[in-house]
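Me: I have a structure open and would like to learn how to read it. Could you walk me through it step by step?

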2 protein chains.
Amino acid sequence: VDTESMRFQPLPVELIKKTQSKKILSKSEIDFLINGYAQGEIPDYQISAWLMAVWLNGLTDQESAFLTEAMLNSGDTADLSEINNYKIDKHSTGGVGDKTSLILAPIVASLGVTVPMISGRGLGHTGGTLDKLESIPGFNTQLSLQQFSENLKKLKLCFIGQTKEICPADKKIYALRDVTGTIDSLPLICASIMSKKIAEGIDGLVLDIKFGSGAFMKTKEQSLQLAERLAAIAKLYKKDVCCFLTSMNQPLGKFAGNALEINECLEILKNKTEDYSDTYNLSLNLAAKMLHLAKYKSTMAECLEAATDSVRTGKAYEKFCQVAKAQGGDLTKIPMAKNKTEVFVEKPGFIKSFDVEAIGMTCVLLKAGRKNLSDVIDPTAGIEFHYKIGEAVDKSKPLFTIYGSESNLFEAAKSRLQNCVKVSESTVTPEELIWKVF
Amino acid sequence: VDTESMRFQPLPVELIKKTQSKKILSKSEIDFLINGYAQGEIPDYQISAWLMAVWLNGLTDQESAFLTEAMLNSGDTADLSEINNYKIDKHSTGGVGDKTSLILAPIVASLGVTVPMISGRGLGHTGGTLDKLESIPGFNTQLSLQQFSENLKKLKLCFIGQTKEICPADKKIYALRDVTGTIDSLPLICASIMSKKIAEGIDGLVLDIKFGSGAFMKTKEQSLQLAERLAAIAKLYKKDVCCFLTSMNQPLGKFAGNALEINECLEILKNKTEDYSDTYNLSLNLAAKMLHLAKYKSTMAECLEAATDSVRTGKAYEKFCQVAKAQGGDLTKIPMAKNKTEVFVEKPGFIKSFDVEAIGMTCVLLKAGRKNLSDVIDPTAGIEFHYKIGEAVDKSKPLFTIYGSESNLFEAAKSRLQNCVKVSESTVTPEELIWKVF
């Protein structure tokens, strides 16, 4: 027996063939693949073949956890150990008009719980918290982990983007998934989300898993599967975790589009909540659950009351203003669209359903979102939604208002939006926004 | 409608996602992928993801044909249009001791039918015609397509290796499959074989599809599937085609190993056929079928008689000598092994089965074959087989004789070979060598 063959030196192709034939990889095999890729020792073409095998054959929960850990260990984690306070974040799987982070984070921070929030950019039909914040002139999200920690100590809330130090393997793998059709894989999504969240140095995490026509997971069942896997990984890392399963069968709130959504959030934070009851209620519930995990109060009812009070008394608004100022943002200069146009229904009836992904793609067409990460965004572009599912609709009021700088894009957007809604002659019972919390 | 979006400009990732979700690719989509890859416009990592999707989800017959054509069109084809004669080749899926090309080609050419033979090297447990020929000192298989054509005009037979001009896309894709675990995929195997065979400029093709422990396809069913797909593609290209399904559950003939196999062929061509009845019979049948497709005689019986006559009268041997001389080979200087050793059964009985792949891998261990294309071969190394399945065996005669230059490899080879045979106490009925012809 030669000692050569006794060292752990698998060939990448052998590990690819294991996943291809539904055999289970060990922790050291997954570490070998991920570290090898992060360090440039295993080439793109072998990892992309492996990712496709994962997409088609899946991974076990245990393999997903090992993958999460390998990606986490590929970089630095935020060292928030000096902050003795409970630290909690929220993560949403994304949708159209999904702006709750900007409301719940100041609520929770205003009550003394620390919210270290590392957010992403919008891609495809979904929006991103960073893009929304950057529609506030001057708002800087590109802080170092050091500055992040300092801001958190001072204000209990800081919004930043993913830094180069955090999960570099995830960054490299995500870029490869994007060009190889392997984004929408449950174990890959789980590892990507959880490695970054664990790197934030949090104690607890509230997950808002979307289902429906505007979500990555189209069905309730898929969203439940994702939620269960994410929660399982969070628990392996001894993080407090709670999952909300919420509908993305219609856009959330009244606006989609970066500056438009910031304005919606500011209205809600100024306690002008009546026009935005879905955004407001979901934000309050998520905030209350974060407070509850942080043991701010012993019951959810008390936490919900505290969250409501924070908005009503202006504490949450004040917190948002402080944070915006600390990060260089000027809330008095949020840009407004130069042009707008309206879209009406063809015949009256009751709103039956929306094709929310197509609405999101219309936002991309209007340059409120991006097809590629290098695309430049029009912060003023977006869509206003005048009706919710179940409401009676006629031509007395527009269905959608389109906003943006480039009015030459409006005709294409109008004709697309016309096909994004179904109107019924009979009444329609809308589904609950929050399907499950566990 | 902008004209930009009306041009055919698919994104590679969209095509990957089609195969991933079992949607069917069009001809132009497959051309786009293969040409894009051959020309370096589509990167390795996208093609490897696509290959893995093909491995896991398959392709339709029509997609396989389009893939074959795209690979064929990526390079030059041998222009044999000046040769008005019928041109026919044989392709085998490979095995251990499978040397029929070297016998049937001179038989067929000696009767006036042209045999343009582009062969490969051995890889893994299977041997390759090029390696066998190159064990004849001076034999040059690296001719240009121009020289190939000239030799064919003069002698009706020429043996060459794949040139750079033929199917460069296949060459690039094969290398990628090798490192991404996607070699053993039916549609990829079909396209790789058929694109190269069609590039030869042939009119007809006889396929010898192996099944059994020494074949890539282990079961009869798998080999039949492969045969049917290969035949379907050949017919799409209006090539005459015939498939033999033959057993590789034992090595073919008496020897495996390059110079050893050349000697076996020369013995047969000199009409000393009695020790090699399986090699001889299969070669005769394949040769007769080639002659029959070429309409040399109107019945298979007549073609078989003509093939037998060619060997008996020495015409085939003479043809082989002429071709060897034309390509620089000196048949008087075939090297012999410096060392040999014998392997005996442990207890007497009847030969029940061989692990032919393990026997082939023992040849690799002895350096008769190669693990990597860069490995150097010992032309004298190999194994002699003294028994066939069903024969009574005892210790009076060795089971195997091992040959080679490096006797230090013999102990490991002996202990491996001991495990490559099963001996039964009761009599064993051997299967037919030729299972099906269609």
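Me: How many salt bridges are there between chain A and chain B?

Reply: Let me begin with the general idea: side chains of opposite charge can pair when their charged atoms come close. A salt bridge is a side-chain nitrogen of Lys or Arg within 4 Å of a carboxyl oxygen of Asp or Glu. Between chain A and chain B the count is two salt bridges. In one pair, the side chains of B:Lys17 and A:Asp184 meet at 3.2 Å, N to O. Please keep in mind that this is a predicted model, where local features need pLDDT of at least 70, side-chain atom pairs count only at pLDDT 80 or more, and totals for chains, interfaces and linings use all residues. Residues are numbered from 1 along each chain as its sequence is written, chains are lettered from A and ligands numbered from 1 in the order in which they are written, and side-chain values use heavy atoms, with hydrogens and water left out.

Me: What count of salt bridges do we get over all chains?

Reply: The count over all chains comes to 42 salt bridges. Take A:Glu384 and A:Lys254, whose side chains form a salt bridge at 3.6 Å, N to O. A:Glu384 sits in strand E9 (residues 382-385) of chain A and A:Lys254 in the loop between strand E5 (240-247) and strand E6 (255-256), so this pair ties together parts that are 130 residues apart in sequence. Those labels follow DSSP runs: helices (H or I, at least four residues) and strands (E, at least two), numbered from the N terminus.

Me: Is A:Glu384 buried or exposed?

Reply: Buried means under 20% relative accessible area, exposed over 50%, and partly exposed in between (1.4 Å probe, protein chains only). A:Glu384 has 10% relative accessibility, so the residue counts as buried. A:Lys254 counts as buried too, at 17%.

Me: Which residue forms a salt bridge with B:Lys197?

Reply: B:Asp89 does, with the closest N and O atoms 2.6 Å apart. B:Lys197 belongs to helix H9 of chain B and B:Asp89 to strand E1 of chain B, 108 residues apart, and the pair links these distant parts of the chain. Both B:Lys197 and B:Asp89 are buried. In chain A, salt bridges that share partners join A:Asp89, A:Lys197 and A:Glu200 into one network.

Me: What area do chain A and chain B bury between them?

Reply: The size of an interface is often given as the accessible area lost when the parts come together. Buried area is the accessible area (1.4 Å probe) that two parts lose on being put together, summed over both. Chain A and chain B bury about 1700 Å², 67% of it on carbon and sulfur atoms. In chain A, A:Gln20, A:Tyr45 and A:Met52 lose the most area to chain B, together 32% of what that side buries.

Me: How many residues of chain A are in contact with chain B?

Reply: With contact meaning heavy atoms within 4.5 Å, 21 residues of chain A are in contact with 21 residues of chain B.
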